[in-house]
Amino acid sequence: MRYPSGSLVILTGLPGAGKTTLLQRLYGLHGAESLPVIAGAAVVIDSAQAKQHWHGRLTWAPYPLRRAVVFVTHLTRIRRALTRGHSVVAHNRGCGPYVLKGFAWLARRHGAGFHLLLLDAPPEVALQGQRIRGRVVAPRTFARHQRRWGGLVTRVKGGDPAPATGAHIIDRAAAGLLEAIVFDEARAGGRSQSGNR
């Protein structure tokens, strides 16, 4: 996968689809990182890094507050990397319209192109992935993710990656064959092809 230098690439998909596994394979992550990882020209930011950073430090707080703190930490790290002019590959499981619009605004503010890399796995495969990792999302929450994911994939397949500049959909087989995410020297801003590739 090739993107313009300075881009924000958000890797998203259903919980359990294999996003973290893909980042671990491409960038040699081991899953215990608590800070973003610099990999060549890119900064790799997995939401699990923010979760690891706060692990055991917010035990007094109710779960919704802990989740909010982790998400704000994740966003702050993405913003900081973009502010410094880095290319960013970031994992984010949420794909709701407001979350994506927020990423688009963040990218525009820092002169970066905003791209989506969608890892499309069937719901039953994603559920199996959740069980393997030992963290199963509540049925109601997973159903909400499925609705939002289905709408996003349908739009992208129809040629509309908005609010992203471009979007690529890959399945788990294609993810297993992906060798690298490369950021070229050309500045962000050009449109990349939407849909499957």
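The legends below describe close-up views of a predicted model.

**View 1. Confidence along the chain of the predicted model.** The pLDDT of the chain averages 89, and 93% of the residues reach a score of at least 70. Over residues 188-197, by contrast, pLDDT stays under 50, and for this stretch the model has 34 contacts beyond four places in sequence.

View 2. An α-helix has 3.6 residues a turn, so residues three or four places apart point the same way.

View 3. Gly 111, which follows α4, has a positive phi, near 70°.

**View 4. Ser 7 in the loop between β1 and β2.** Ser 7 lies in the loop that joins β1 (2-5) to β2, and with a relative accessibility of 0% this residue counts as buried, because the cut-off for burial is under 20%. A polar atom of the Ser 7 side chain lies 2.7 Å from the backbone oxygen of Pro 4. The side chain of Ser 7 also makes a polar contact, at 3.5 Å, with the side chain of His 115.

**View 5. The salt bridge between Arg 2 and Asp 184.** The structure holds two salt bridges, and in one of them the side chains of Arg 2 and Asp 184 meet with an N to O distance of 2.9 Å. This pair links distant parts of the chain, since Arg 2 belongs to strand β1 and Asp 184 to strand β8 (residues 182-187), 182 residues apart. Asp 184 has a relative accessible area of 28% and is partly exposed.

**View 6. The salt bridge between Arg 155 and Asp 160.** Arg 155 forms a salt bridge with Asp 160, in which the closest N and O atoms are 3.7 Å apart. Arg 155, at 33% relative accessibility, counts as partly exposed, and Asp 160 is likewise partly exposed, with a relative accessible area of 34%.

**View 7. Ala 175 in helix α7.** Ala 175 is found in helix α7 (residues 172-177), and at 8% relative accessibility this residue counts as buried. Leaving aside neighbours within four places in sequence, Ala 175 is in contact with Leu 22, Arg 25, Leu 119 and Ile 170. Ala 175 and Leu 119 are 56 residues apart along the chain, while their C-alpha atoms are separated by 7.4 Å.

**View 8. Ala 180 in the loop between α7 and β8.** Ala 180 lies in the loop between α7 and β8 and, at 35% relative accessibility, counts as partly exposed. Not counting residues up to four places away in sequence, Ala 180 touches Met 1 and Leu 26. Ala 180 and Leu 23 are 157 residues apart in sequence, and the distance between their C-alpha atoms is 10.0 Å.

Methods:
Residues are numbered from 1 along each chain as its sequence is written. This is a predicted model: local features need pLDDT of at least 70, side-chain atom pairs count only at pLDDT 80 or more; totals for chains, interfaces and linings use all residues. Side-chain values use heavy atoms; hydrogens and water are left out. pLDDT is the predictor's confidence in each residue, from 0 to 100. Contact means heavy atoms within 4.5 Å. Helices (H or I, at least four residues) and strands (E, at least two) are DSSP runs, numbered from the N terminus. Buried means under 20% relative accessible area, exposed over 50%, partly exposed in between (1.4 Å probe, protein chains only). A polar contact is a pair of N or O atoms within 3.5 Å; within protein, one must be able to donate a hydrogen and the other to accept it, and residues adjacent in sequence count only if both atoms are side-chain atoms. A salt bridge is a side-chain nitrogen of Lys or Arg within 4 Å of a carboxyl oxygen of Asp or Glu.
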